[in-house]
Amino acid sequence: MRNLINLIQEAQDTSLKKDILNLVKVTDSEPILNRILKILKAGDIEDRVKAVLSKDADARKFVDTI
């Protein structure tokens with residue numbers, strides 16, 4: 001999990017990234033953390049994130065940033 005946090009921290013800092021990091025840091029739920037790790041390791045994460053975010057009007061504005 002620490003590797004995931006390190007990878008995110010190496011990317012350009014944004015408030016969205018900080019929000020995500022903070023949520024991951026305080027989450028103790030193994031099923032949720034396992035799912036996050038599985039999604040990040042699955043590859044083609046960029047396309048998958050775009051597909052999910054584009055469905056939400058509020059999140060759509062972050063697609064290019066991510």
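Among contacts in the chain between residues at least 6 apart in sequence, what percentage join residues at least 24 apart? The share is 22%, where contact means heavy atoms within 4.5 Å.

This is a predicted model, in which local features need pLDDT of at least 70, side-chain atom pairs count only at pLDDT 80 or more, and totals for chains, interfaces and linings use all residues. Residues are numbered from 1 along each chain as its sequence is written, and side-chain values use heavy atoms, with hydrogens and water left out.

**View 1. The whole chain and its confidence.** The chain holds five helices and zero strands, in the order α-α-α-α-α along the sequence; helices (H or I, at least four residues) and strands (E, at least two) are DSSP runs, numbered from the N terminus. The mean pLDDT (the predictor's confidence in each residue, from 0 to 100) is 76 for the chain, and 76% of its residues reach 70 or more. Among the elements, the lowest mean pLDDT, 64, belongs to helix 1 (residues 2–10), and the highest, 85, to helix 3 (residues 30–41).

**View 2. The surface of the chain.** Of the 66 residues, 15% count as buried. Buried means under 20% relative accessible area, exposed over 50%, and partly exposed in between (1.4 Å probe, protein chains only). The chain exposes about 5,400 Å², of which carbon and sulfur atoms supply 53%; accessible areas come from the Shrake-Rupley method with a 1.4 Å probe, and for residues only the protein chains shown count as cover.

**View 3. The two sides of helix 2.** The end C-alpha atoms of helix 2 (residues 15–26) are 17 Å apart, which agrees with the 16 Å that its 12 residues should span at 1.5 Å a residue. The expected span is 1.5 Å times one less than the number of residues. Lys17, Leu21 and Val24 are the buried residues of helix 2. They lie on the same side of helix 2 because they cover an arc of only 65 degrees around the axis, the arc being that of the directions from the helix axis to the C-beta atoms.

**View 4. Helix 3 and Ile39.** From first C-alpha to last, the 12 residues of helix 3 reach 16 Å, close to the 16 Å expected at 1.5 Å a residue. Ile39 has its place in helix 3 and is partly exposed, with a relative accessible area of 27%. Not counting residues up to four places away in sequence, Ile39 touches Ile45 and Arg48. The C-alpha atoms of Ile39 and Val49, 10 residues apart along the chain, are separated by 9.7 Å. Just after helix 3, Gly43 takes a positive phi of about 85 degrees.

**View 5. Val52 in helix 4.** Val52 belongs to helix 4 (residues 45–53) and is exposed, with a relative accessible area of 57%. A separation of 9.4 Å lies between the C-alpha atoms of Val52 and Val63, which are 11 residues apart along the chain.
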